[in-house]
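Reader: I'd like to learn how to read ring contacts in a protein model. Can you walk me through them?

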Amino acid sequence: MPSNKSVSDAPIVQFTNCRILRSHQLQREDLWVREGKILNPEKLFFDEKGSADIQLDCKDSIIAPGFIDVQINGGFGVDFSLATDDFKSGIDLVSQKILSHGVTSFCPTLVTSPPSVYHQVLPQISIRNGGAHGAGILGAHLEGPFISKEKKGAHPEHCLRTFEAGAFQDLLATYGSLDCVRIVTLAPEMKRSSEVIRELTKRGICVSLGHSVANLSQAEDAVQHGATFITHLFNAMLPFHHRDPGIVGLLTSDKIPAGRRVFYGMISDGIHTNPAALRIAHRAHPKGLVLVTDAIAGMGLAPGRHTLGQQVVEIDGLNTYIAGTKTLSGSVATMDTCVRHFQEATGCSVETALEAASLHPAQLLGIEHKKGTLNYDSDADFLMLNDGLYVQATYIAGKEVWRQDALGM
């Protein structure tokens, strides 16, 4: 169509008969995509005098931004905390398989490990765009080893570390490199954690508070120094107490710097957090809630024995435990399952449930101008879902990368 060529030769695709999640509302309008970006149809019509080259009937599907999982330890037999010769093929497998869960971007997560593991694994993680090969990689999430012994959860105690004389230099020596690191989870009550938080934040790395016995003032102090996230709220931290609510108190703290929002991860799998606790957190601070899977290597596999870094875990139904104990160790829930459970448990709107897995993690990572929304000029990473929030198709950069076979569209 000659009228389109003034700006670009690329075809324009118009998705019709759909409800688009835009500006926190499902809106009955069409979605226009060109060259992997979402187009403003008004500019197309009036400035370019253009129209669609391809029209796709979405059959009344919901179109929502792709999900972003900022805490996923592995899946399908792959453990991101195990240094293996074929690590790259493992991460490729997970990024391919999670497309069916609606995940279009993720942060591969390493649990507490010996320095040798970080030195071997981190150079093999590269930040990359998603596509037919799989979900995009936004950078690694390093959960530990600078965490509390009392709240280590499924993390191996012999690998835990503190900030010694070198503080930030100790962290650098442990990890080897921060080139591909996006999030670091640490315990803010540790000596010299404030300077570490400042240094990480200066480098654009998100600091998350977790696996910690911090009281509220220690948590608030960490936020003053730049921390913006809480790792799996309620899990591996002091329980809420009315005289000192601990890290949980950040949800309603009046000491958060102006213009800053504290986000918090929730494993909405029906196991890690009672639905009532999920409701309490959501009602206290709805705009900060970020759904995470905390999925381990056993996700997508039959029950039995699997690994989580240095430890053996047992999967029994949806429960995962450190072998021989009742210590929970990650999850086998998929992101789309977490979204559905969250909506059902809280009674929130469809829009709210979808944004907790897309807009909020994008805002946490400061990438909401290109991911997590369907705003004009943002990346065309999106999902088609039915009214039950089951994923029917996944698109990255405007191209279909996964479709439910039975759909027959």
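Author: Let's start with burial: a residue is buried under 20% relative accessible area, exposed over 50%, and partly exposed in between, using a 1.4 Å probe and protein chains only. Here, Phe146 and Phe163 are both buried. Mind that this is a predicted model, where local features need pLDDT of at least 70, side-chain atom pairs count only at pLDDT 80 or more, and totals for chains, interfaces and linings use all residues. Side-chain values use heavy atoms, leaving out hydrogens and water, and residues are numbered from 1 along each chain as its sequence is written.

Reader: How many aromatic pairs does the structure hold?

Author: Rings of Phe, Tyr and Trp (its six-membered ring) pair if their centres lie within 6.5 Å; planes under 30 degrees apart are stacked, over 60 edge-to-face, the rest tilted. The structure holds eight such pairs. One of them, Phe146 with Phe163, is stacked, at 4.5 Å centre to centre and 15° between the planes. Ring pairs also link Tyr118, Phe146, Phe163 and Tyr175 into a cluster.

Reader: What about Phe382 and Tyr395?

Author: They're stacked too, 4.8 Å centre to centre with 10° between the planes. Phe382 is buried at 0% relative accessible area, and Tyr395 is buried at 4%.

Reader: Which charged end sits over the ring of Tyr390?

Author: The rule is that NZ of Lys or CZ of Arg lies within 6 Å of the ring centre and within 35 degrees of the ring normal. For Tyr390 it's Arg340, 3.8 Å from the ring centre. Lys326 does likewise over Tyr321, at 4.4 Å from the centre.
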